[in-house]
Structures are given as C-alpha cells and as structure tokens.
Protein chains: 2
Amino acid sequence: MKEGVSDHTGNGVMSRDASSLVDGARAGRVRDIGRLLSLIEDGGPEVPAIIATLSAEGVRARTIGITGSPGVGKSTVTAALVGELRRRGERVGVLAVDPSSPFSGGALLGDRIRMQEHATDDGVFIRSMASRGQLGGMAATTPQAVRVLDAAGFSTVLIETVGVGQSEVDVAAAADTSLVLLAPGMGDGIQAAKAGILEIADILVVNKADREGADATVRELRGILALTERPAGGWEPPVLRTAAVSGDGIAVLCDSIDEHGRWLAHSGEGDDRRLRRAREEVEALALGMLRRRLRDGASSERLDRVARALRDGRTDPYTAAATVVAELE
Amino acid sequence: MKEGVSDHTGNGVMSRDASSLVDGARAGRVRDIGRLLSLIEDGGPEVPAIIATLSAEGVRARTIGITGSPGVGKSTVTAALVGELRRRGERVGVLAVDPSSPFSGGALLGDRIRMQEHATDDGVFIRSMASRGQLGGMAATTPQAVRVLDAAGFSTVLIETVGVGQSEVDVAAAADTSLVLLAPGMGDGIQAAKAGILEIADILVVNKADREGADATVRELRGILALTERPAGGWEPPVLRTAAVSGDGIAVLCDSIDEHGRWLAHSGEGDDRRLRRAREEVEALALGMLRRRLRDGASSERLDRVARALRDGRTDPYTAAATVVAELE
C-alpha cells in the first residue's frame with residue numbers, strides 16, 4: 001500500500017512527495033513552488049488533493065490583472081509594479097499567461113534585465129504559464145496557481161495576459177483589480193472599446209506616456225468612459241499615465257490599485273467579485289472534468305464514431321453532439 | 001399548434017420563417033445569409049434544426065484560415081485574396097472572428113476602401129463574428145457559419161482570426177489550409193514559434209515584403225522550419241512573400257493554396273483533417289450543451305451554492321466541481 005497523507009476531502013491521498021512539496025511551498029521555497037505549479041499545469045492525479053490542502057486557508061492574496069495588446073509594454077509595467085510593491089514591503093508573485101511574454105523566454109533584452117533585478121529576490125516569484133492545450137484551460141489553471149502563490153505567502157499576485165483573445169481577457173478580468181494598458185498612437189482606444197477590453201478595466205493605463213499622442217489617447221479614453229453608464233456609487237475607472245521604462249507614474253498607479261481595493265472592501269463589490277470568480281472557477285473545472293470524460297476510453301471511441309458519421313454526412317452536428325452527451329450519462 | 005416543417009432528425013421543428021431563411025440562403029440571398037448567421041451566433045432554439053437541414057448535403061467549400069499578430073496586415077491580405085479568387089471565378093465567403101478586424105467595423109480607412117470594392121459583388125459575402133460570450137465558443141459557432149456559407153454556394157471560405165489567444169488560433173488551425181502571416185522587423189519569427197502558431201501553418205506568409213528586413217524574416221522562418229522534423233512525404237510549408245497593398249505575391253499565394261489542396265486530396269490528409277475537425281466540432285457543441293446545463297435553472301442554483309461555499313472556505317475547488325458534475329447526471 002502506498003504511504004500517504006489523507007486530506008479527508010474525497011480528493012484522494014497525497015503522496016509523501018506531494019505533501020513535502022506543499023510544506024516547502026508554504027515555507028516559501030522557490031523550487032517547491034515551481035514544482036507545484038508544474039504539477040498543476042500538467043493536471044496530474046494528485047492535483048485535487050494538493051489544492052484541497054492549500055484551499056483550507058482560503059485565498060488572502062489580492063490579484064491584479066494586467067492586460068493589453070502586444071507592444072503596449074505590459075511586461076515593463078509589470079516589472080516596474082513589482083519594484084514598487086517590493087519597496088512597499090509586499091511579497092509579489094507574477095503569473096504570465098501571455099505566450100509572447102518575455103517571462104516565457106522570448107524576452108527583449110531590456111525587459112529581461114529589468115526582471116533580473118528581481119531574480120535574486122526571494123520576495124518575488126515569476127512564472128510563465130502555458131496558455132494552450134490544458135483541459136479546462138487557463139480559466140481552470142490560473143486560480144489554482146494563485147492558490148499556490150497565496151499559500152507561499154505572496155500578498156499580491158500579478159496576472160499578465162495578452163489583451164487579445166477570449167480566454168486571455170477573461171483570465172485578467174477575473175482578478176480583484178484589472179488594469180488595461182494602452183500606448184499612444186496605436187489607435188488603440190476605439191479598437192480596445194470594440195474588442196470589449198475597456199469594459200473589464202478598473203484602471204486604464206496609458207503607458208509610454210512620454211511619447212507623442214499620449215494626450216490624445218487619454219482624451220479619447222476619457223471620452224469613451226464618459227459615454228458609459230454606471231450605477232450611482234460605482235467605481236469610475238481612472239485613466240492614468242505611466243512611462244514604465246523610467247518608472248514615471250508607477251507609484252500613482254500603485255496608489256490607485258490600493259484605492260480600488262478599499263472601494264472593493266467597503267462597497268461589497270469585493271465579495272460579489274469573489275463569488276463570481278469562485279463560480280467561474282468551479283464551472284471551468286467542471287467543464288474540464290466533463291471534457292476529460294468525453295476524451296476518455298469508451299467515450300473517445302464514441303466521439304470518433306459520431307465524428308466519422310458527421311464527416312461522411314450521415315448525421316448532423318447537433319444530433320452528433322446530443323448523442324455524445326447522452327452517452328456520457 | 002405552430003405550423004412548421006419537421007426535419008426528421010430529432011432536432012425539433014423549423015418554423016416557416018426559418019425554413020424560408022434556409023431557402024433564401026441556398027438561393028444566395030445576402031440578407032437571408034446574414035440573418036441565418038445571426039441566428040447561429042445567438043444560439044436560438046431553431047439552430048439545431050436549421051443546421052441539420054443544411055448539413056444534409058455535407059460541406060463542399062474549402063476553408064482557409066488566416067492568422068497572425070495584430071498589425072501584420074491580415075485584413076489587407078484577406079481583401080487581396082478575395083480579389084484574386086474572384087478573378088479565378090470563385091464565390092468567396094469571409095468570416096472575420098478577429099475582434100480588432102476592420103470587417104467588424106473598426107476599419108483603417110485603406111482597408112475599408114479595399115473591402116468596399118467587394119461590397120456590391122454578390123459573389124462575395126463578408127461577415128464579422130463575435131468572438132466572446134457564446135456558449136461553446138468560436139469552436140462551436142464557426143463550423144456552423146461555414147455550413148451556411150457552403151449551402152449558399154460559396155466555394156471558398158476565408159476565416160480570419162487574430163493569431164494571439166488559444167481559441168482564436170485553434171479556429172484558424174481547423175481550416176483545410178492555414179496561413180500564418182508575419183511582417184518583417186517585428187521580431188515575429190521567434191515569437192510566433194514560441195506562441196506555437198508556426199506549427200499550425202501550412203503556408204507561411206511574410207507580408208509587407210517590400211519593407212526592410214523582409215529577407216531576414218524569411219531566412220529566420222526557413223531556419224526554424226528546417227529544424228522541424230516532418231514525416232516523409234509530409235507537406236513542407238513554403239515561406240512566401242506578399243505585399244498585399246500592391247497585390248504582389250497574391251497570385252503565387254493562391255497557387256500555393258491550390259497546391260496544398262491537391263496534396264490534402266492525394267495524401268489522404270484531407271480526410272484525416274476533416275475527421276479531426278468533425279471531432280472538434282462535436283466536442284465543442286457537446287461542451288456547449290453541458291455548459292448550458294450547468295447554467296440552467298436548478299443547476300445554476302447548485303453552482304451558486306458551491307461557489308459560495310468555495311469563496312467562504314467551506315469546500316475546495318475540485319470537490320466543488322465534482323459535486324456540480326455529479327448533480328448534473
């Protein structure tokens with residue numbers, strides 16, 4: 001019989017290895033945190049038990065979503081925020097679910113150097129997450145990664161995602177505070193409005209604000225926001241300027257994030273958001289479980305059979321899908 | 001009793017209205033095609049019956065995915081391809097699932113004018129599809145939209161998606177032939193390789209090839225491709241150059257798409273791809289149905305209940321999700 005530690009939740013038994021990873025992560029050991037995150041990305045059989053153990057304490061860390069089109073300077077802003085939060089005494093985790101992020105290896109030299117400042121600081125943990133191919137997707141994996149960083153004592157977790165793509169934007173929108181970044185002169189205000197990313201913004205950040213056209217972009221954004229109806233007492237997203245390379249505006253941005261946090265607490269919106277987020281997390285995990293069942297053994301053969309019938313014109317898509325769903329049950 | 005036409009597939013009964021839309025679309029009436037696509041996007045109760053009727057004939061149209069980062073000129077290449085395919089006597093449908101695409105309204109003036117050339121041509125149908133918020137997502141909606149355009153007699157359907165984001169790339173990858181577009185001087189080769197979009201390319205297109213740096217980008221891509229192992233007799237993705245604004249290279253690109261089509265047919269890969277695509281279509285629709293059930297009535301209340309327990313630390317994520325899945329059955 002395999003030795004192990006039961007977690008009493010019906011999520012199975014953790015091996016001693018997993019159990020010692022959890023202890024290591026709680027003690028803030030970088031290597032153990034990294035290995036736990038890899039386990040979660042791989043979706044192994046011990047993940048439910050590990051997460052159950054970590055969840056017992058609830059999540060105390062605040063999460064900040066950072067999103068925007070490629071080229072607006074997300075990684076530079078993230079690096080500058082890490083620096084400012086460290087100066088304020090916070091321990092900071094960074095999850096980069098942007099496949100084109102420098103944190104995932106394809107760094108512009110400048111960004112890499114800026115992040116290297118933090119490389120030897122054990123109050124900072126930076127991790128890129130694969131955004132493709134997981135069952136349940138980012139919507140299921142990211143909250144679990146946040147639970148690991150929370151358990152490891154990081155008080156703020158920055159979640160960087162590219163602001164293009166349905167799943168990517170949803171992940172940033174699920175944070176306590178969502179920053180949407182733009183840069184001047186990219187005609188970005190209207191594009192962002194159309195792509196629906198302005199509506200997820202708690203704070204709008206015009207980065208590279210030392211460049212020509214910054215004033216016009218700020219005006220454009222304020223104009224769009226003025227047209228948006230909000231409930232009385234609702235949060236009015238500020239439009240801030242940063243030049244993250246030099247650090248200009250980053251302290252003000254941090255203050256604004258704090259202010260939004262206070263608003264979340266006293267308005268009750270923080271509780272509502274956590275409930276919506278929990279709902280989305282459960283739904284994403286449930287759909288991941290259902291998808292796994294669709295792809296498993298007998299179900300996978302049925303899926304192949306109906307797919308062949310569909311390709312050959314012997315059935316239609318909805319009948320095929322309904323068959324697969326019925327046989328799942 | 002509501003009058004209607006049964007489709008004998010168990011997908012319900014079509015109203016006379018839906019039935020006349022289907023007839024109109026088959027006759028190529030633009031307004032009816034547009035209304036059918038709206039019905040599909042909205043996911044109304046008549047959609048399964050409509051799709052079943054359209055599916056009876058199978059899909060004959062070839063589909064071409066066009067993807068790449070914002071700014072590489074996807075829409076310009078799409079417009080130029082439409083022109084060339086028209087000259088070759090094809091009827092062409094365009095589905096733009098890119099939220100930042102000019103076809104969805106946020107056009108750069110030049111692109112809008114280029115597409116207007118086609119606006120009065122009834123051999124061209126252009127439609128932007130919402131990429132957010134649908135149950136089952138783009139992976140479920142796009143194949144149904146292709147079925148509509150196929151039934152309306154379009155021989156080629158171009159599917160334009162932004163090459164960032166998991167769902168977006170998957171949709172382009174599901175086409176018969178997938179084009180991945182890059183532009184010189186964006187450091188794009190390595191980034192694209194990292195983001196995993198090169199691996200879905202049947203044809204790589206360096207657009208804006210009249211700009212400085214085009215040779216270097218072509219060399220970089222050929223270098224990356226040379227490192228990729230392929231089975232003997234497999235398709236070797238060519239690296240082509242276009243300057244879509246002037247039309248340079250577009251005829252060669254069309255020839256290359258045709259050549260890939262012939263390879264699909266004689267290698268048997270075309271059949272395999274259609275099977276994989278059917279499988280993905282069925283899976284996406286099945287997951288959409290399951291998600292709808294999770295969100296319906298009693299199930300939605302259960303989801304709220306466990307989400308509240310999760311937020312308040314009274315359960316853990318996987319136990320919560322397993323509860324919801326178990327109660328679904």
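Trainee: Which domains does the domain assignment give for chain A?

Mentor: Some ground rules before that. This is a predicted model, where local features need pLDDT of at least 70, side-chain atom pairs count only at pLDDT 80 or more, and totals for chains, interfaces and linings use all residues. Residues are numbered from 1 along each chain as its sequence is written, while chains are lettered from A and ligands numbered from 1 in the order in which they are written. Now, domain bounds come from an automatic or database domain assignment. For chain A that gives domain 1 (1-56), domain 2 (57-267) and domain 3 (282-328).

Trainee: How many residues of domain 2 of chain A are in contact with domain 3 of chain A?

Mentor: Two residues are in contact if their C-beta atoms, placed from the backbone, lie within 7 Å. By that rule, 5 residues of domain 2 of chain A touch 6 residues of domain 3 of chain A. The domain 2 side of chain A that touches domain 3 divides into 3 nonpolar, 2 polar and no charged residues. Here Ala, Val, Leu, Ile, Met, Phe, Trp, Tyr, Cys and Pro count as nonpolar, Asp, Glu, Lys and Arg as charged, and the others, Gly among them, as polar.

Trainee: Is A:Asp17 buried or exposed?

Mentor: Count neighbours: a residue is buried if 20 or more other C-beta atoms (placed from the backbone) lie within 10 Å of its own, exposed if 12 or fewer, and partly exposed in between. A:Asp17 has 12 C-beta neighbours inside 10 Å, so it counts as exposed. Over chain A, 50% of the 329 residues count as buried.

Trainee: On to chain B. Which residues of helix H1 (residues 16-26) of chain B are buried?

Mentor: Helices (H or I, at least four residues) and strands (E, at least two) are DSSP runs, numbered from the N terminus. The general idea is that an α-helix has 3.6 residues a turn, so residues three or four places apart point the same way. In H1(B), the buried ones are B:Ala18, B:Leu21, B:Val22 and B:Ala25. Seen down the axis of H1(B), the buried residues fall within an arc of 100° (taken from the directions from the helix axis to the C-beta atoms), so they line one face. On the other side of H1(B), B:Arg16 and B:Asp23 are exposed.

Trainee: What do the buried residues of H1(B) pack against?

Mentor: Strand S2 (13-14), helix H2 (30-42), helix H3 (47-55) and helix H6 (137-151) of chain B. After H1(B) comes B:Gly28, with a positive phi near 80°.

Trainee: What is the order of the strands in the open sheet of chain B?

Mentor: Strands of a sheet pair through backbone hydrogen bonds, either parallel or antiparallel. Two strands count as paired if DSSP finds at least two bridges between them. The sheet has 7 strands in the order S5-S4-S6-S3-S7-S8-S9 (chain B), with parallel pairing. Strand S5 (124-128) and strand S9 (239-241) of chain B stand at the edges with a single partner strand each, so one side of each has no neighbour in the sheet. The twist averages 20° from one strand to the next.

Trainee: How many residues of strand S3 (residues 62-68) of chain B are buried?

Mentor: 7 of its 7 residues. S3(B) pairs with strand S6 (residues 156-162) of chain B over 7 bridges, where B:Thr67 partners B:Thr161. S3(B) also pairs with strand S7 (residues 177-182) of chain B over 4 bridges, and B:Gly65 stands opposite B:Ser178 in S7(B).

How values were computed. Axes are lines fitted to C-alpha atoms, for helices over the stretch in contact, and angles run from 0 to 180 degrees between N-to-C directions.
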